[in-house]
Amino acid sequence: MEQLPCLVTRVPGPRSQALARRLERVESPDVTYLPEDGSWPVFWESGEGLAILDADGNRLLDATAAFGVAILGHAHPQLAAALADQAARLPHGMGDVHPTRLKVELAERLAALAPLPEPSRVLLATTGAEAVEGALKTACLATGRPRVIACEGGYHGLSLGTLPVTGREGFRAPFRDLLPVPSRVCRVPYTREGIAALTDADLASVGAILVEPILGRGGVVVPPPGLLQDLRALADRLGAVLILDEVFTGCGRTGTWFACQHEGIEPDLLVLGKALSGCFPIAAVIGRGSVMEAWPRSTGEALHTSTHLGNPLGCRAALTALDLIEEGDLVTRAAELGAVLGAGLTDLADAHPGAVLQARGRGLMQALVLREAGAGARLAERALALGLLTLPAGAAGEVLQLTPPLILEEEHVHTMLELLDRALASLP
Ligand SMILES: Cc1ncc(COP(=O)(O)O)c(C=O)c1O
């Protein structure tokens, strides 16, 4: 499939709009954003590389990697072949009872890959939120202390176990009565000053510090220099477990295998998801052996497992994706093309000072910070109409985030910048 945008109808076109009306009648109303003017979304039919074909036959350029998952682009032929082969052999197993060889291989691979200071152990999961919950349980077992430090603006999922640590009140408010006592979480700003201001009362009973090494959904906020080192030092001082949530940043996105490597720190637990398999729902906690060994040996009734844990399709996809990231040297590519994209976004910020405050990011996790709340969605809508898929981010929706597949070429970067320039120019 050709990769650059080619529009044959208005975007969204009539078929996408008709599908939106059907969905509106049957899906739980909060899930898909379906504005009345039909300006969002498009319905995807197929994909190849960076190209998405929508229901109307429009070819769109994907600068989202579908929430950062499709790190190898869409429908990568080797990944598709591996999944088809696995589906024909054994698509589902008994993860914690009679596992597959693939689960062994993936656990070995992840344990060897993680930048941890001692031999590691792995806990697999299906979603990012479930893996974060596994990490929080691990920290509680390892320290015997229930309280967690988590950052304002941090995003760790929307399950009941992660809502208390996701740093956005709007997600939590309707469910406040369902959640554990608020005092279990000490929320701090994503700044060194915020950490320095923590009092002894704040730090009492803290067993875990949970942080993203770049706030992703929170608006692609790169940590101020020294922040992650301060959190590492604080965890050491408290004897707490430092959990780095690299669900978004992991597997090469920021130009290193893990974003913590930009900061020269080692976590106790590292959480991966999204890009780990390039397509299939699988996530993992990789932890220092001494911390993970806080879990008791299973007596046949695992304290923490689930039906799809270690699913063979997910393990096979992850093993294949990790091979392809290595073989394609995609981590270096993310650093190199990320620099080109970042420089181009800075030029756009200079060219549109009325709309854009700044560009920021690392590797292929980049963003434009806009001046107005809600402008991220407005710009994403304009970009979509021109054939470019992007996403809004940030607590006030003031950010446009770009997290394209790592297989992109420089030509794609230039097209993305050109379309964004036009989209910015069309903002009222
Ligand atoms: C950093 C981070 N952690 C956790 C999650 C939750 O992952 P999932 O949506 O797979 O539950 C996300 C999802 O965007 C994320 O960005």
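Mentor: Helices (H or I, at least four residues) and strands (E, at least two) are DSSP runs, numbered from the N terminus. This is a predicted model, in which local features need pLDDT of at least 70 and side-chain atom pairs count only at pLDDT 80 or more, while totals for chains, interfaces and linings use all residues. Residues are numbered from 1 along each chain as its sequence is written, and side-chain values use heavy atoms, with hydrogens and water left out.

Trainee: Let us start with the backbone. Which peptide bond, from valine 11 to proline 12, cis or trans, does the model show?

Mentor: Most residues other than glycine have a negative phi, and most peptide bonds are trans. The bond from valine 11 to proline 12 is cis, with omega near -10°. Proline 12 sits in the segment before helix H1 (14–26).

Trainee: What kind of peptide bond joins tryptophan 40 and proline 41?

Mentor: Tryptophan 40 and proline 41 are joined by a cis peptide bond, and omega is about -5°. Proline 41 belongs to the loop between H1 and strand E1 (44–48).

Trainee: Is the phi of alanine 65 positive or negative, and where is alanine 65?

Mentor: Alanine 65 has a positive phi, near 50°, and is a residue other than glycine. Alanine 65 is placed in helix H2 (residues 65–68).

Trainee: Now helix packing. At what angle do H3 and H11 pack?

Mentor: Two packed helices are described by the angle between their axes and the distance between the axes. Axes are lines fitted to C-alpha atoms, for helices over the stretch in contact, and angles run from 0 to 180 degrees between N-to-C directions. Helix H3 (residues 77–89) packs on helix H11 (residues 312–327) at about 155°, and their axes are 9 Å apart. H3 is therefore roughly antiparallel to H11. Angles under 35 degrees count as roughly parallel, over 145 as roughly antiparallel, 65 to 115 as roughly perpendicular and the rest as oblique.

Trainee: Is the crossing of H3 and H11 left-handed or right-handed?

Mentor: A crossing is left-handed if the near helix is turned anticlockwise from the far one by less than a right angle, and right-handed if clockwise. The H3 and H11 crossing is right-handed.

Trainee: Which residues in H3 and H11 meet?

Mentor: Contact means heavy atoms within 4.5 Å. From H3 come Gln78, Leu79, Ala82, Leu83, Asp85, Gln86, Ala87 and Arg89, and they meet Pro312, Leu313, Arg316, Ala317, Thr320, Ala321, Leu324 and Glu327 in H11. By class, the contact of H3 with H11 has nine nonpolar, three polar and four charged residues. Ala, Val, Leu, Ile, Met, Phe, Trp, Tyr, Cys and Pro count as nonpolar, Asp, Glu, Lys and Arg as charged, and the others, Gly among them, as polar.

Trainee: H4 also packs on H11. How do the axes of H4 and H11 cross?

Mentor: The axes of H4 and H11 come within 9 Å and cross at roughly 40°, which means that H4 is oblique to H11. The crossing of H4 and H11 is left-handed.

Trainee: Which residues in H4 meet H11?

Mentor: Leu102, Lys103, Glu105, Leu106, Arg109, Leu110 and Leu113 in H4 do. On the H11 side they meet Pro312, Cys315, Arg316, Ala318, Leu319, Leu322, Asp323 and Glu326. The contact of H4 with H11 divides into nine nonpolar, no polar and six charged residues.

Trainee: What is the angle between H12 and H14?

Mentor: Helix H12 (residues 330–351) and helix H14 (residues 410–425) pack at about 20°, with axes 10 Å apart. H12 is therefore roughly parallel to H14. Their crossing is right-handed.

Trainee: Which residues make the contact of H12 and H14?

Mentor: H12 contributes Leu337, Val340, Leu341, Gly344, Leu345 and Leu348. H14 contributes Glu410, Val413, His414, Leu417, Leu420, Asp421 and Leu424. The contact of H12 with H14 divides into nine nonpolar, two polar and two charged residues.
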